[in-house]
Amino acid sequence: MNQHTIEQQEWNNPDNWSRKAWLGLYFSKRDPRLFVRKPILASGWTLNFARPSAAVFFLRIVIFAVLATVI
């Protein structure tokens with residue numbers, strides 16, 4: 001089984017998505033990708049929150065947004 005097949009299986013597994021799919025929250029430790037397409041009509045991208053780098057990326061965006069509104 002190659003990596004692409006594993007990524008597709010993980011993406012298709014409903015257990016890896018938040019119960020509210022419209023939020024597009026994705027959690028898969030087996031999927032190495034940081035960004036994945038959302039399942040609802042491919043309406044954008046989301047982070048794979050099972051990756052530690054996703055939390056760092058998300059926090060940087062939040063900090064930037066807060067600083068941008070304060071300054």
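Colleague: Why is R30 called partly exposed?

Modeller: This is a predicted model, and in it R30 has a relative accessible area of 48%. Buried means under 20% and exposed means over 50%. The value for R30 falls in between, so R30 is partly exposed.

Colleague: What makes R30 and E10 a salt bridge?

Modeller: Their side chains meet at 3.2 Å, N to O. The cut-off is within 4 Å, so the pair qualifies. R30 lies in the loop between α1 and β1 and E10 in helix α1, so the pair ties together parts that are 20 residues apart in sequence.

Colleague: Is E10 buried or exposed?

Modeller: E10 has 9% relative accessibility. That is under 20%, so E10 counts as buried.

Colleague: How many salt bridges does the structure hold?

Modeller: It holds three. One of them joins the side chains of E7 and R33, at 3.9 Å from N to O. The limit is 4 Å, so this pair counts as well. E7 lies in helix α1 and R33 in the loop between α1 and β1, so two parts 26 residues apart in sequence are tied together.

Colleague: How do you know whether E7 and R33 are buried, partly exposed or exposed?

Modeller: By their relative accessible areas. E7 has 14%, which is under 20%, so E7 is buried. R33 has 23%, which lies between 20% and 50%, so R33 is partly exposed.

Colleague: What makes E7, D31 and R33 a network?

Modeller: They are linked by salt bridges. R33 meets E7 in a salt bridge, and R33 also meets D31, at 2.7 Å from N to O. The relative accessible area of D31 is 0%, so D31 is buried.

Colleague: Which residues of helix α1 are buried?

Modeller: In α1, residues 3–12, the buried ones are I6, E7 and E10. They cover an arc of only 100° around the axis, which puts them on the same side of α1. An α-helix has 3.6 residues a turn, so residues three or four places apart point the same way. On the other side of α1, H4 and N12 are exposed.

Colleague: How do you know that N2 caps the N-terminal end of α1?

Modeller: A side-chain oxygen of N2 lies 3.3 Å from the backbone nitrogen of H4. A polar contact needs the atoms within 3.5 Å, so this distance passes.

Colleague: Why is N16 called buried?

Modeller: N16 has a relative accessible area of 10%. Since the cut-off for buried is under 20%, N16 is buried. N16 is found in the loop between α1 and β1. The side chain of N16 reaches the backbone oxygen of E10 at 2.8 Å. Not counting residues up to four places away in sequence, N16 touches E10, L25, Y26, F27 and S28.

Colleague: How many aromatic pairs does the structure hold?

Modeller: There are five aromatic pairs. One of them is F27 with F49, with 6.0 Å between the centres and 40° between the planes. F27 lies in the loop between α1 and β1 and F49 in the loop between β2 (45–47) and α2 (52–70), so the pair ties together parts that are 22 residues apart in sequence.

Colleague: Why is the pair of F27 and F49 called tilted?

Modeller: Planes under 30 degrees apart count as stacked and over 60 as edge-to-face. The angle here is 40°, so the pair is tilted. F27, with a relative accessible area of 41%, is partly exposed. F49, at 26%, is partly exposed. F49 also pairs with F58, at 6.0 Å centre to centre and 75° between the planes.

Colleague: What makes the pair of F49 and F58 edge-to-face?

Modeller: The angle of 75° is over 60, so the pair is edge-to-face. F58 has 41% relative accessibility and counts as partly exposed. Elsewhere, W11, W17 and Y26 form one aromatic cluster.

Colleague: Where is F35 placed, and why is F35 called partly exposed?

Modeller: F35 is in strand β1, residues 35–37. Its relative accessible area is 39%, between 20% and 50%, so F35 is partly exposed.

Colleague: Which residues is F35 in contact with?

Modeller: Leaving aside neighbours within four places in sequence, they are W45, T46, L47 and F57. F35 and T46 are eleven residues apart along the chain, and their C-alpha atoms are separated by 5.6 Å.

Technical notes. Residues numbered from 1 in each chain as written. Predicted model: local features only at pLDDT ≥ 70, side-chain atom pairs only at ≥ 80, totals over all residues. Heavy atoms only, no water. Helix = DSSP H or I, 4+ residues; strand = E, 2+ residues; numbered from the N terminus. Buried < 20%, exposed > 50% of the residue type's maximum accessible area, 1.4 Å probe, protein only. Contact = heavy atoms within 4.5 Å. Arc of directions from axis to C-beta. Polar contact = N/O pair within 3.5 Å; in protein donor to acceptor, adjacent residues only side chain to side chain. Phe/Tyr/Trp six-rings, centres within 6.5 Å; stacked < 30°, edge-to-face > 60°.
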